[in-house]
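This report is intended for a reader who meets the structure for the first time. Please keep the sequence and the 3D view at hand while reading.

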Amino acid sequence: MEEIRIGVYICWCGTNISRMVDVEDVARELSEMPGVVISKDYKYMCSDPGQALIIKDIKEHKLNRVVVSACSPRIHELTFRKALENAGLNPYMFQMANIREQVSWVHDDREKATKKAKALVAAAINRVKWHESLDKRTVSINPSTLVIGGGIAGITAALELADTGSPVYLIEKTTELGGNMAKIDLTFPYLNSARQIIQEKIERTEHHPNIHIFKNTVVDEIFGYIGNFNSIIGQNGSEIDLKFGNIVVATGLKPFDPSGLENYGYGKFPDVITSLEFEKKLLSGNILTNEGKDPENVVIIHCVGSRNRSEHEYCSRTCCMTALKYANQLRSAIPDANIYQAYADMRAFGKGCEELYTSTSRKGIMFLMFDQQNDLPVIKKAEPGDSCNMLIEMNEKLSGEKIEIPADMVILMVGLEAHEDAKKISHTVGISLDGNSFFMEKHPKLDPVATTTSGVYVVGNCQAPKDIPDTITQAKAATARIMGTIKQGEVEVEVITAVVNEDICCGCQTCIQVCPYTAITYDVVKGVSVVNEAICKGCGTCGSACPTGAIRSRHFTDNQILSQIKGLLSKSLELKEV
Amino acid sequence: MSYEPTIIAFLCNWCSYTGADLAGTSRMKYASNINIIRVMCSGRIEPLFVLTAFREGADGVLICGCHPGDCHYHEGNYKCLRRYYFLKKYLTQMGMNTERMRLEWVSASEGKQFAELADDFTEKVRNLGPCKIKEAAETLT
Amino acid sequence: MIQRVNTDLKKDLLKLGVKDWNECFHCGNCTAICPLSENELLFPRKVIRQAQMGLETSLQANVSPWMCYYCGECSDTCPRDANPGELMMSLRRYLTSIYDWTGLSRLFYTNKYMEFAAIIGLAIIVILLFAIWGPPLDPSLTSEGGVKINSFAPIKWIELGDWSMAVVVGALLISNILHMFYKVIIKPGVKIPLTTYITELWKLPTHFATQAKFRKCDAKGKFYWGAHWLMMTGYTVMFTMIVVFLPEFQVEKVNDWWHWQRLLGYYSTFGLLFGLIFVIIGRIKQNNQIFKFSHLSDWLFIIMLFLTTISGIMLHLFRVGGMPYATYYTYIAHIAILIPMICIEVPFSKWSHLAYRPFAIYFAALKKEAKELEYKTNLSPEAA
């Protein structure tokens, strides 16, 4: 067996790590561990000079294993694996110790933090000794793409991909394409017609030779992995087997139902309507009350179902500007109407939005502020003598007065929330949901398009509420990524799969029972289990269940993890005694 | 000097490790006694890992996985749960306090919960005092 | 108390000279920069809000417009150019029209023809009075060489006129102040013990005489307070002399220049002229926030006071110079300007601030005391 030569690198991450961890001390102490050839610290390991340092050392000192102690492996593991590869080393001869997210950012005692960092690095050093070369595995990419959801996000993604010549399967749950955008009149902040934009896109989608649309359809199950997914879709009684290489999830969000909020009296007063119902009035060209009259007093209430602990804590991001849009449309339709905006905070980010707010606020619109957390406005029936039919009672924050506003029409700016089937979809495509049932992106900043499942992308509102430009940006970003993989024709996949040592396997078939992917079959002739590596996703459940130790989870073998535990504890206890 | 327990935490890559990362990016402070070891799925956590940790001197072992129904691999966390109960029984038979081992579900968005869990478990283990398994094993062999 | 939002109020305010009723978005910079705004009575943001929302009861009970002396810091600081300073000025017009129960104030503020008609009408009445009942003009001089002014305008008749005007104007003003008291204290239901009315009473004459608050406004050395105080004291001295000490003031004998009657007269003249010229130049040049916007009522007041002063000076010169006819005609002109000025400006228009400002300060002090008392009782063990 070749001699183990480990290079250890401790990152300062500027001051992020060095502030709380004595990195020089860590590097010095760990250099004494058996197998460690060199141990260094450096300002930014992930920078180009940082990586160059590793590559140079690998070549000069004939290193065959590398430990980098820096941030979370979820951020930079791939970066360093690439560096190892560039130096001619197998990328899996590498282990990362997370001393930023797990040490310097969460502890405030420098001495203890340094000790913990030493233990974590010692564990990584111990573990990396057991690492073995793993061969790269590539899979071919099926050029077709499955797009789930036919709103503006899905349509945009489908058209972008189809225009490059790749086939697209577009799945729409309802009978019509267009989603929420087809239900609105004008878009903010420039007050263009939403219909005009989306209608042209719907028509192009429906007649595109590369797009196959399945309306009234839901996807129940998807099998396979990046490049080679497949799904069976029920269509008019028959079943169609679709094969595709990538998945775009664009299932959108639905408007919040305000029936549960008693103070707003939705359902009780016919003239209390939701924003989407108001859009219907705008599209029909008549803004009339239930009695068929022009409303004299229109109150627009913001944040209905948003930014409140009892409904949804998040901001739905589109309602403030939509409310301003309504104020503009109302002002031009009924010039002498009294228009009130009852709001919690006016959020006017985004291009052209602050300008929309400024210009709207100069159109004689009254802005009334309420406490969205503890003191919501209450809609009451007006007294018999009043000229209006409703009164809105609220504690107005800017004046500090308890007031009532006469109203003939109340528009509730309902927020956006996840569809009921979000969880089901997340399981079907194998991605995670966050606390609000929005689909989780791979990284909130560095990769807001991909997901933790290779080949699955999230676009549009289903990832988080956003306006149309942001949705289109995300849809186009996802399609660019997909086209990249299609152009390459194949993609590298994780090689962290399970493998059976046929000499030890006793054929008990326990592993077959625990595998969630039916990736293991029983070879009757040999009397052993066989893992299909194309299907195996490397969870390691079989490895833990195997009574004889015949199954090894690559890169998470028993030896690797046990030595990591031992390394960690021996260092930790050694330091404790000091 | 007061007793500082050493705790090994096994975290699944998709939910709990990401949740711990979130605690870090959110700069939530928690006890430095928690040492994290990453596995791909809580279903990968073998009883042997936990026992080895105790044998090598850990005072407590924390196991975290995705919430039921949220497993990245569909059902690994259920396998983990079953092993956990089994292991608990085994630890009892060995005469160990089962409170030294704990299983909790931590999702990727629960950074705060992870930090609170870390503090809470550390405090509990601290109250239990040092684990003597390593000493005992060394005298026996 | 729940108040109904009334956006129709904005129409009213627009008529009274408010420009951008809805420009303000309530950042509060104006209140932060205002040298006079205090914790007990913060302004101008809050009163702007009440005006915007049409909360009439709160607005009419709010005395903060009278606390403002228009240094203009707020308008300079406003990020939206909402001119809070000018809005406060307009709200003073609004409040004046509200306190005045006769409705004439509103009429004069909103209809310039009616205002001119009232001024000219009163002037004509004065002229007719002299023309019909006035004695024949006597061109001869007294033995000492003085103009026979007391035969032309007998002291007792002029005193009678002075006092009846003072009583009418005073009665109107007092009734308006009572109305103000109702709007500020009674209607909002502020409970104030009687002793507080007495202990706080000293604030009235003090602020009338010193206008000490105005000085705080003058921090940047703009000299508004000085000019205003000279003008105010000048006029007060003159007014006291013509009403209370008329026999000593309207004399045929030309006193020596160091005689108290002449010295006081010169002081008044100097004070009025200095202040008026300062204001007129300011308003023409619009060189400061306070002078940037001039409502018709602002100009009318200044012009009439200026004409009164000028005619008074000429009257003095002609009398001292022994020119009987010039003296008599100037006398009539002087009275014909003075009477409409006092009768219109003091109870119904801009000059009413001489009473409303000190009373506003008095009422504000009462409200503050009431609030402290309420606070104390609510915190006391019995209340708990």
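The sections below treat the chains in turn and then the place where they meet.

## Basis of the description

The model is a predicted one: local features need pLDDT of at least 70, side-chain atom pairs count only at pLDDT 80 or more, and totals for chains, interfaces and linings use all residues. Residues are numbered from 1 along each chain as its sequence is written, while chains are lettered from A and ligands numbered from 1 in the order in which they are written.

## Chain A as a whole

Chain A contains 15 helices and 30 strands; helices (H or I, at least four residues) and strands (E, at least two) are DSSP runs numbered from the N terminus. Along the principal axes, the C-alpha atoms of chain A fill a box of roughly 95 × 65 × 40 Å. Of its 578 residues, 51% count as buried, a residue being buried if 20 or more other C-beta atoms, placed from the backbone, lie within 10 Å of its own. Contacts are pairs of residues whose C-beta atoms, placed from the backbone, lie within 7 Å. Among contacts in chain A with a separation of 6 or more, 70% involve residues 24 or more positions apart.

Chain A is divided into domain 1 (6-136 + 555-577), domain 2 (145-253 + 418-491) and domain 3 (256-416), with bounds that come from an automatic or database domain assignment. The centres of domain 2 and domain 3 of chain A, taken over C-alpha atoms, are separated by 32 Å. Their contact takes 14 residues from domain 2 of chain A and 21 residues from domain 3 of chain A.

## A hairpin in chain A

Strand 28 (residues 520-523) and strand 29 (residues 528-531) of chain A run antiparallel and are joined by 4 bridges; strands pair if DSSP finds at least two bridges between them. The two strands form a hairpin with 4 residues between them, and A:Gly527 in the turn has a positive phi of about 75°. Within this pair, A:Tyr522 stands opposite A:Ser529.

## Chain C as a whole

Chain C has 21 helices and 1 strand. The radius of gyration of chain C is 23 Å, close to the 21 Å that the globule rule gives for 384 residues, so chain C is as compact as a globular protein of that length. This radius is taken over C-alpha atoms, and the globule rule is 2.2 Å times the number of residues to the power 0.38.

Buried residues make up 34% of the 384 residues in chain C. Its C-alpha atoms fill a box of roughly 80 × 45 × 40 Å along the principal axes.

## Where the chains meet

An open sheet of 4 strands, with mixed pairing, has the order 20(A)-21(A)-22(A)-1(C). Its edge strands, each pairing on one side only, are strand 20 (378-381) of chain A and strand 1 (3-4) of chain C. Strand 21 (residues 390-396) and strand 22 (residues 401-407) of chain A pair in the antiparallel sense over 7 bridges, and A:Ile392 stands opposite A:Ile405. Strand 22 of chain A and strand 1 of chain C pair in the parallel sense over 2 bridges, with A:Glu404 opposite C:Arg4.

Overall, 16 residues of chain C are in contact with 13 residues of chain A. Strand 1 and helix 3 (45-53) of chain C are the elements that give two or more residues to the side of chain C that touches chain A. Helix 3 of chain C gives the most, with 5 residues.

Conventions: A residue is buried if 20 or more other C-beta atoms lie within 10 Å of its own, exposed if 12 or fewer, and partly exposed in between; C-beta atoms are placed from the backbone. Two residues are in contact if their C-beta atoms, placed from the backbone, lie within 7 Å.
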